[in-house]
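Subject: A structure for you to look at

Hello,

I am handing over the structure we talked about, and I hope you enjoy looking through it. My notes on what turned up follow just below.

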Amino acid sequence: MTCIASRRDQRWGDIISPAEFRGARQVVYQVGERSALARAGLIQPTSVLEVSPVCEVPNFLVIGAIVEEAECLALVPRKLAQELARSRDIRLLEIDYPNRRLDIDAFWTPAAASKRGHDWFKALLSRAASELR
């Protein structure tokens with residue numbers, strides 16, 4: 001996971017502390033209804049940092065546009081952040097947070113397999129997997 005910010009937002013250096021992140025406005029990825037805190041921590045270990053959400057979105061693809069225009073921060077998977085930085089005016093900030101491994105399993109139902117966003121994300125996952133040793 002990494003933090004993204006608008007390139008125009010000069011409040012942050014290349015590294016942001018958890019306290020700075022907690023104090024900033026955030027865009028948060030949220031699937032479905034809010035989970036209990038214990039479950040949220042298992043689903044997304046960095047959720048304890050996301051305490052000042054401006055908005056919650058059910059789709060990663062809009063996070064880049066919101067961060068770019070609303071002077072918000074967001075925590076997203078690093079590969080997604082790199083892809084968003086190619087098409088949006090955003091930059092990646094390292095978050096000074098204890099190293100934790102976060103495995104992401106992605107699956108699609110047959111009904112959702114043909115959606116454009118899913119095709120894009122499957123291609124992103126495929127490229128990321130091909131870069132692994």
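Helix α4 passes helix α5 in a right-handed crossing (left-handed if the near helix is turned anticlockwise from the far one by less than a right angle, right-handed if clockwise). The model is a predicted one, where local features need pLDDT of at least 70 and side-chain atom pairs count only at pLDDT 80 or more, while totals for chains, interfaces and linings use all residues. Residues are numbered from 1 along each chain as its sequence is written, and side-chain values use heavy atoms, with hydrogens and water left out.

Back to the pair: α4 covers residues 78-87 and α5 covers residues 116-131, and they pack at an angle of about 115° with axes 11 Å apart. Axes here are lines fitted to C-alpha atoms, for helices over the stretch in contact, and angles run from 0 to 180 degrees between N-to-C directions. The two helices are therefore roughly perpendicular (under 35 degrees is roughly parallel, over 145 roughly antiparallel, 65 to 115 roughly perpendicular, and the rest oblique). On the α4 side, K79, L80 and E83 meet W120, L124, R127, A128 and E131 of α5, where a contact means heavy atoms within 4.5 Å.

**The chain as a whole**

The protein chain has 5 helices and 6 strands, in the order β-β-α-β-α-β-α-β-α-β-α along the sequence. Helices (H or I, at least four residues) and strands (E, at least two) are DSSP runs, numbered from the N terminus. Of its 133 residues, 35% are buried; buried means under 20% relative accessible area, exposed over 50%, and partly exposed in between, with a 1.4 Å probe and protein chains only. Among contacts with a separation of 6 or more, 75% join residues 24 or more positions apart.

C3 sits in strand β1 (residues 2-6) and is buried, at 0% relative accessibility. Beyond its neighbours within four places in sequence, C3 touches I16, F21, L73, A74, L75, R91, L92 and L93. Its C-alpha is 6.3 Å from that of I95, although 92 residues separate C3 and I95 in sequence.

V27 belongs to strand β3 (residues 26-29) and is also buried, with a relative accessible area of 1%. With the neighbours within four places again set aside, the contacts of V27 include C55, V57, I63, I66 and C72. The C-alpha atoms of V27 and V57 are 7.4 Å apart, with the two residues 30 apart along the chain.

How many disulfides does the structure hold? There are 0, a disulfide being a pair of cysteine sulfur atoms within 2.5 Å. For C55, the closest cysteine sulfur is in C72, 6.5 Å away, so the distance is too far for a bond. C55 is partly exposed, at 24% relative accessible area.

One more residue to look up is E71, in the loop between α3 (63-70) and β5 (74-76). Its phi is near 50°, a positive value in a residue other than glycine. Most residues other than glycine have a negative phi. E71 is partly exposed, at 46% relative accessibility.
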